[in-house]
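Subject: Structure handover

Hello,

Please find the structure below, followed by notes on what was found in it.

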Amino acid sequence: GPEVDAPTRARRMEDLRSPAAEGYPPAYESLAVFLGRGAGWSEGLRWRWLGAEHGDADAAKQLSGRIGLDGADRQSAADRMFLSWVHCHPASFDSDGPVMSELNTARKASPGADLTQVIAQVHAKRLNEAKAKAENFLHGCVPGAYYLASLPPDDQAWVRKTVRARMVQTLKNIKAAVRKFPDLELLTLPEYQDLLPPP
């Protein structure tokens, strides 16, 4: 906030930039939030897009609600559809959701406890909920989705192809991040990391 002095802000910024520079996806959105509170809105927007492209569901949600994409042209429709896919995909990183809340609650209740069982329970619960989420994701990907309604058929085909290719890359980014940072497996569902609609 504005009451934080300049040296503290500089330290906090470095605390976020370092993991972001290493490719830690949740840091992208955290850095975007931090920058958005100051004069770094445009830089924050770039970090937020990077977060969405690396599978951060909250980054995608924030972008889709804040940028002016009118859907009247095929690139705008593709961006909106891509952000929706990332936000709705069951394998996207969920660092702002109930997973972290439940783990933090468990840590506070028993600071020295082995969280393996809690993590397994949270994962099982998320996996159960993901069935409906996966169905909704695939339903929203069908031809004729509302992002495409105002576009001619050739543009609709281009948007579907473009968004699918972007999502293929995003799923690769998720897998690469989990290999590099194993703790990220808590925030994704590996069982759905290959889920895509038919071409």
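Asp94 sits in the loop that runs between helix H5 (74-88) and helix H6 (98-109); helices (H or I, at least four residues) and strands (E, at least two) are DSSP runs, numbered from the N terminus. Its relative accessible area is 22%, so Asp94 is partly exposed; buried means under 20% relative accessible area, exposed over 50%, and partly exposed in between (1.4 Å probe, protein chains only). Asp94 and Leu186 are 92 residues apart in sequence, with 8.7 Å between their C-alpha atoms in space.

Before the rest, the conventions. This is a predicted model, in which local features need pLDDT of at least 70 and side-chain atom pairs count only at pLDDT 80 or more, while totals for chains, interfaces and linings use all residues. Residues are numbered from 1 along each chain as its sequence is written, and side-chain values use heavy atoms, with hydrogens and water left out.

Overall figures

The chain has 8 helices and 0 strands, which read along the sequence as α-α-α-α-α-α-α-α. Of the 199 residues in the chain, 41% are buried. Among contacts (heavy atoms within 4.5 Å) between residues at least 6 apart in sequence, 68% join residues at least 24 apart. The accessible surface of the chain is about 10900 Å², and 55% of that belongs to carbon and sulfur atoms; areas come from the Shrake-Rupley method with a 1.4 Å probe, and for residues only the protein chains shown count as cover.

Helix H8 covers residues 153-180, and its 28 residues should span 40 Å at 1.5 Å a residue; the end C-alpha atoms are 41 Å apart, which agrees. The expected span is 1.5 Å times one less than the number of residues. The buried residues of H8 include Gln156, Val159, Val163, Met167, Thr170, Ile174 and Val178. An α-helix has 3.6 residues a turn, so residues three or four places apart point the same way. The partners of the buried H8 residues are helix H2 (25-36), helix H3 (41-53) and H5, against which they pack.

H2 has 12 residues and reaches 17 Å from its first C-alpha to its last, close to the expected 16 Å. Because 9 of its 12 residues are buried, H2 is largely enclosed by the rest of the structure. Among those buried are Pro25, Pro26, Tyr28, Glu29 and Phe34.

Salt bridges

How many salt bridges are there? The count is 6, where a salt bridge is a side-chain nitrogen of Lys or Arg within 4 Å of a carboxyl oxygen of Asp or Glu. One of them joins Arg17 and Glu43, with the closest N and O atoms 2.7 Å apart. Arg17 is in helix H1 (residues 6-21) and Glu43 in helix H3, so this pair links distant parts of the chain, 26 residues apart. Arg17 is partly exposed, at 26% relative accessibility.

Arg74 pairs with Asp155, the closest N and O atoms being 3.6 Å apart. Since Arg74 lies in helix H5 and Asp155 in helix H8, the pair ties together parts that are 81 residues apart in sequence. Arg74 is partly exposed, at 34% relative accessibility.The side chains of Arg166 and Asp79 also meet in a salt bridge, 2.8 Å from N to O. Here Arg166 is in helix H8 and Asp79 in helix H5, 87 residues apart. Asp79 counts as buried, at 13% relative accessibility.

Aromatic pairs

A search of the whole structure gives 3 aromatic pairs. Rings of Phe, Tyr and Trp (its six-membered ring) pair if their centres lie within 6.5 Å; planes under 30 degrees apart count as stacked, over 60 as edge-to-face and the rest as tilted. The ring centres of Tyr24 and Phe181 are 5.0 Å apart with planes at 80°, so this pair is edge-to-face. Tyr24 lies in the loop between H1 and H2 and Phe181 in the segment after H8, so the pair ties together parts 157 residues apart in sequence. Phe181 is buried, with a relative accessible area of 13%.

Trp85 and Phe137 have ring centres 5.5 Å apart and planes at 75°, so they are edge-to-face. Trp85 belongs to helix H5 and Phe137 to helix H7 (residues 116-140), so parts 52 residues apart in sequence are tied together. Both Trp85 and Phe137 are buried.

Regards
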